[in-house]
Amino acid sequence: MQSNVSVLKFGGTSVGSSERIRRVATIIKQTLQDTPASFPVVVVSAMSGVTDQLLRIARYACSQSEDEYTRELVVLRQKHLETATEVVSGEAECVALQHRLETAIEALSLDVAALRETAAQGHDVALRTAAVASWGERLSVLLVAAATNDLGIPAEPIRQEIIITTHPKTDPSQPFGVVVGAEPLNDETRANAQALVLPLVERGIVPIAAGFMGRTVTGFVTTLGRNGSDYSATVIGAALDCVEVSIYTDVDGVLSADPRQVANAHLLGSLSYAEAARLSWFGAKVLHPRTLIPIAHRNIPVRVRNSFRPHIRGTVVGPVDGQSGARAITTRRNLALITVESTDLFGAPENAGQVFALAARADAAPVAICSSSGHHLSFVVEEKSADSIIALLQLDMGDDWMVRCRRGLAACACIGSGFTSEPTSPARATTALAHEHIPVITQGSSELGITLIVADRDAERALRCLHRDLIAPVIPLVRHSHKEKAKVAR
Ligand code: ADP
Ligand code: ASP
Ligand code: MG
């Protein structure tokens with residue numbers, strides 16, 4: 001019996017086409033051959049763009065736009081059936097795979113019809129929407145398992161939901177077509193994961209599991225929220241006591257900045273859990289912000305790597321430490337700064353608990369807490385939550401408090417362990433923005449870095465200049481004094 005498992009998670013772009021799915025199958029085969037000490041358990045996302053499409057279908061169903069959602073369903077069906085023809089080589093295997101996909105798409109159509117009915121009756125659509133959204137992953141597992149079998153590797157899709165979750169809370173600000181994330185229940189998930197996955201592992205069959213989705217104890221389909229399949233991989237990994245989780249994506253690993261925004265961003269070979277957690281909290285999409293929660297306290301490493309270039313070692317996120325200075329810069333957009341001011345010059349500290357409890361009641365954790373003094377407290381929240389927080393604060397805090405809000409902001413986070421032990425780092429960050437004439441609205445710092453709040457329109461420029469001045473400095477120009485210039489001219 002194989003006792004050690006390692007989780008391989010493939011994101012949407014990694015399974016975005018037939019050619020990429022075949023590449024994934026090759027990585028699974030290679031892993032099986034190269035790492036005999038652990039057995040792979042695979043977690044996959046929906047093909048890129050498919051969850052967005054399913055959510056469009058859900059919105060059309062909620063607005064009773066049958067023609068539109070039927071059209072989208074036809075496109076979705078076509079995409080998967082065509083992909084099937086290219087991921088398996090044998091005629092019979094292809095027919096069998098297409099049949100499985102057709103059956104799945106029929107079941108999806110039933111879920112869409114049920115959603116439409118629920119919306120028509122004016123009932124809460126959150127759970128019905130989640131059921132529709134989960135189909136992208138359910139279709140993917142069929143394709144990836146078939147492609148893996150095609151390489152002669154025994155693999156089986158797991159059709160049941162592995163992760164057992166809480167009942168999701170509805171987001172009242174966004175009634176239709178929004179996936180509301182539910183939270184995994186550890187003990188229930190552990191029992192379920194072991195029952196569904198380990199029998200396959202014991203028989204030497206590679207389990208291919210759907211990321212993103214789960215179900216409640218009572219059997220309602222749920223999801224872990226948008227981009228949640230990284231999180232599902234570590235939840236499943238922890239439930240199986242895995243030795244490592246590999247997150248395969250479309251970049252070489254975690255880089256010093258988003259390579260789509262900073263051309264000379266470089267690969268970070270290792271990161272501590274704390275650094276990676278902060279990076280994802282402040283907007284680095286490469287890891288879902290909750291990814292490390294199930295595994296960091298158990299020191300299970302996460303390796304982020306490129307499914308297009310699997311020979312590159314990628315980034316190992318683990319309990320490493322000891323680096324100093326800024327290592328990565330990231331931005332989190334669309335924020336609002338809320339300032340609560342008391343007429344009582346010394347009232348703020350005692351009331352901080354009440355302020356944050358109210359923010360929590362609006363389901364909006366502060367993104368960053370920026371400043372406080374005797375009579376004021378300011379913190380940054382997601383712009384979309386600002387109105388509900390302000391309404392609660394105004395209702396609950398009484399007339400002695402004034403609440404102000406500034407919208408259209410972004411947080412630029414410079415991240416690195418021991419950031420402040422290098423005394424010039426914070427100053428270099430603020431000076432970099434000053435040189436670019438980017439006003440810093442407020443800021444906060446800790447030993448893990450500095451967070452500078454700027455206008456959202458300045459965010460990309462701020463990211464680039466911080467990266468240039470703190471991480472990848474440009475070769476300094478040799479400045480000539482006037483005298484030297486004159487000499488050269490002569
Ligand atoms: P997947 O579909 O595999 O889950 P995502 O699109 O969710 O992939 O995440 C990968 C993307 O994250 C990259 O294409 C990159 O643009 C973005 N990204 C943002 N910040 C970083 C960073 N610091 N390092 C690497 N990638 C980053
Ligand atoms: N397919 C889901 C989404 O697009 C989950 C994921 O890919 O991480 O949100
Ligand atoms: Mg992702």
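Predicted model: local features only at pLDDT ≥ 70, side-chain atom pairs only at ≥ 80, totals over all residues.
**View 1. The shell around ligand 2.** Ser-45, Ala-46, Thr-51, Glu-137, Phe-212, Arg-226, Asn-227, Gly-228 and Ser-229 surround ligand 2 (a heavy atom within 4 Å). Two are nonpolar, five polar and two charged.

**View 2. Polar contacts of ligand 2.** Polar contacts here are pairs of N or O atoms within 3.5 Å. The Thr-51 side chain places a polar atom 2.7 Å from a nitrogen of ligand 2. Ser-229 has a side-chain N or O atom 2.5 Å from a ligand 2 oxygen. The protein buries 88% of the 260 Å² that ligand 2 exposes alone (Shrake-Rupley method, 1.4 Å probe).

View 3. Of the 18 residues around ligand 1, the nearest are Thr-249, Asp-250, Leu-255, Asp-258 and Arg-260. Its shell holds eight nonpolar, five polar and five charged residues.

**View 4. Polar contacts of ligand 1.** Oxygen atoms of ligand 1 lie 2.8 Å from a polar side-chain atom of Asp-258 and 2.7 Å from a side-chain N or O atom of Arg-260. The protein covers 91% of the 570 Å² of accessible area that ligand 1 has on its own.

**Notes.** Residues are numbered from 1 along each chain as written, with chains lettered from A and ligands numbered from 1 in written order. Local features need pLDDT of at least 70, side-chain atom pairs count only at pLDDT 80 or more, totals for chains, interfaces and linings use all residues, and side-chain values use heavy atoms, without hydrogens and water.

Note on methods: Polar contact = N/O pair within 3.5 Å; in protein donor to acceptor, adjacent residues only side chain to side chain. Nonpolar A, V, L, I, M, F, W, Y, C, P; charged D, E, K, R; others polar.
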